[in-house]
Amino acid sequence: MGEAALQEIGPDKTLLLVDDDEPFLRRLAKAMEKRGFEVETAGSVAAGSAIATARPPAFAVVDLRLEDGNGLDVVEILRERRPDSRVVVLTGYGAIATAVAAVKIGATDYLSKPADAQDIMNALLANEEELPPPPENPMSADRVRWEHIQRVYELCDRNVSETARRLNMHRRTLQRILAKRSPK
């Protein structure tokens, strides 16, 4: 990636990370601190909204689906409190409709998990006129399919029959997929 396409962090290095995946949140916070940001973390919509209201940051990375609601609520508060903030929405469940909704309410970019710290930093600091570069290591189509199946399986309380019905696949086929390791 050419340095010309990236802005400097600037004088206000505040970054809000909102995600309910605690290990991911800690790793990302450490990585972003190493890159020069002053990081504040929140594990819920309520905590993220409180920080966005009290101390709106210059940058934010917000997970779309949180245990207590939708991360887009935090994005809206950030836009009201600090219109110049740069917000990246992260999600493990990428869909065009949610990407459009995130951008409409003011998100700078939208990335699918797992996104690494460099991809997130590139999205946060990309010039507004230019698109950020594509991720260095995007998920393979097999990995995206596997992630989707795992998500539906978890939402169905690990019930194979219900998951197979919702995914419109044979139960035994689903069992074989679930028995394999995740693709790279």
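Okay, so the protein has 8 helices and 7 strands, taken as DSSP runs numbered from the N terminus (helices are H or I with at least four residues, strands are E with at least two). Quick housekeeping: this is a predicted model, so local features need pLDDT of at least 70 and side-chain atom pairs count only at pLDDT 80 or more, while totals for chains, interfaces and linings use all residues. Residues are numbered from 1 along each chain as its sequence is written, and side-chain values use heavy atoms, leaving out hydrogens and water.

Of the 184 residues, 43% are buried, meaning under 20% relative accessible area with a 1.4 Å probe, protein chains only. Now contacts, which means heavy atoms within 4.5 Å: among those between residues at least 6 apart in sequence, 61% join residues at least 24 apart.

On to Asp 63. The unreviewed UniProt entry annotates this residue as 4-aspartylphosphate, though such annotations may be inferred rather than shown by experiment. Asp 63 sits in strand β3, residues 59–63, and counts as buried because its relative accessibility is 4%. What does Asp 63 touch, leaving aside residues up to four places away in sequence? Val 18, Asp 19, Asp 20, Gly 71, Leu 90, Thr 91 and Lys 113.

Strand β3 also holds Phe 59. Searching the whole structure gives 1 aromatic pair, with ring centres required to lie within 6.5 Å. Phe 37 and Phe 59 have ring centres 5.3 Å apart and planes at 85 degrees, so they're edge-to-face, a label for planes over 60 degrees apart. Phe 37 is in the loop between α1 (22–34) and β2 (38–42), 22 residues from Phe 59. Both are buried.

Notes:
Buried means under 20% relative accessible area, exposed over 50%, partly exposed in between (1.4 Å probe, protein chains only). Rings of Phe, Tyr and Trp (its six-membered ring) pair if their centres lie within 6.5 Å; planes under 30 degrees apart count as stacked, over 60 as edge-to-face and the rest as tilted.
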